[in-house]
Amino acid sequence: MEEKILITGITGFVGSHMADLLLENGYNVYGLKRWNLSRLRNIRHLLNDERVVLLDCDITDPIGTRHVIDEIKPTKVLHFAAESFVSPSWLHPSHYMDVNYKGTVNLLDAIRETGINPRFHIAGSGEEYGEIFDEELPITDRSVLRPMNPYAVSKIAQDLIGFVYYKSYDMNIIRTRAFNHEGPRRDHVFGIPSYAYQIARIEARKQPPTVKVGHIDDRRNFTHIKDMVRAYWLAVEMCKPGELYLIGSEGEEYIYTFREALETLLSMATVKGIKVEVEPDFVRPTCVPRLIGDTKKFRELTGWKPEIGFEKILEDTLNYWRQFIKENLY
Ligand code: NDP
């Protein structure tokens, strides 16, 4: 059967890198975008590529969603369409449920109604775990969920409805929870891209030499986006429907605080003596101090391991924002 791979959220950070990986490996892709809103700059290099078919679809619209699923009849779905920014989720909690939960239900219902059963990947998040204490580390697929923000709640709902549809309708739903992925194209609302973006602006003399930050002492395991999309592809190909897999780089050499990431980025800046200042608006109402996962189950099944180190993650992010500002891609 001809492989028809659908990427929802192809204009986003993860979806655009997934498209790049699949094209490099000889696949064609279908991608969903929103007709009037999408951030096309992330896929501007793909807009005239005949191997990429873009269809307009807002996944909160069940009719439009049904229409595109029926048109494509995908054999694999990599579902990355989401409201993914944590901070605005306190202001728009219902909207996050609309997109992340109801949007996923619309896709799954459209698939059922179309009478197909593609392998369908749901990209859950380490954020679902929320408040984890030192003695509970590392996080496993059995750790308790104590979400700390509305985004995380919507991701739990998305993840668990996937499990329910797998159990109820025997759908081929692959569930992963991944820890921080970073690199080019990640929006500068997040910590590392925000520091890199500001440093690039300072270097271009577009901002005074002060980087504004929120809470910077949280600890994470970081994975380069190129390693992560390889993992997601292995997940959709190899993981068992219904099961939950944690994904991420877990060695000591990948575990840092945001403060350490900021210090390394500042050491890479061409402008010296940049100051750091806490911006109260950047400080979230709650924080998630530590998210370090045990990803053995996924690694043993797939053989995946990260290939790109932390310094390179930061270097690629900084160079991306330098180029972004140079080309004025806003
Ligand atoms: P982005 O915000 O960069 O991308 C989200 C994508 O979803 C964009 O293409 C956006 O399109 C699209 N989208 C938003 N709302 C809708 C809608 N109503 N209908 C259709 N498309 C919509 O997020 P990421 O790429 O970083 O994240 C992708 C997935 O991975 C998310 O589910 C996220 O929760 C998950 N994840 C990400 C992690 C990370 O570290 N990045 C960690 C763990 C999980 P548009 O251009 O139109 O806005």
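Colleague: Of the 26 residues around the ligand, which come nearest?

Modeller: This is a predicted model, in which local features need pLDDT of at least 70 and side-chain atom pairs count only at pLDDT 80 or more, whereas totals for chains, interfaces and linings use all residues. Residues are numbered from 1 along each chain as its sequence is written, and side-chain values use heavy atoms, with hydrogens and water left out. Taking a residue as near when one of its heavy atoms lies within 4 Å of the molecule, the shell around the ligand holds 26 residues, of which Thr 11, Ser 38, Ser 84, Tyr 151 and Lys 155 come nearest. By class, this shell has 12 nonpolar, nine polar and five charged residues, where Ala, Val, Leu, Ile, Met, Phe, Trp, Tyr, Cys and Pro count as nonpolar, Asp, Glu, Lys and Arg as charged, and the others, Gly among them, as polar. At least two shell residues come from each of α1 (13–24), β5 (119–125) and α4 (150–169), and β5 gives the most, with three; helices (DSSP H or I, at least four residues) and strands (E, at least two) are numbered from the N terminus.

Turning to individual atoms, an oxygen atom of the ligand lies 2.9 Å from a backbone N or O atom of Phe 13, and a polar backbone atom of His 181 is 3.0 Å from a ligand oxygen atom. From the side chain of Arg 186, an N or O atom is 3.2 Å from an oxygen atom of the ligand. Of the 900 Å² of accessible area that the ligand has on its own, the protein covers 96%, by the Shrake-Rupley method with a 1.4 Å probe.

Conventions. A polar contact is a pair of N or O atoms within 3.5 Å; within protein, one must be able to donate a hydrogen and the other to accept it, and residues adjacent in sequence count only if both atoms are side-chain atoms.
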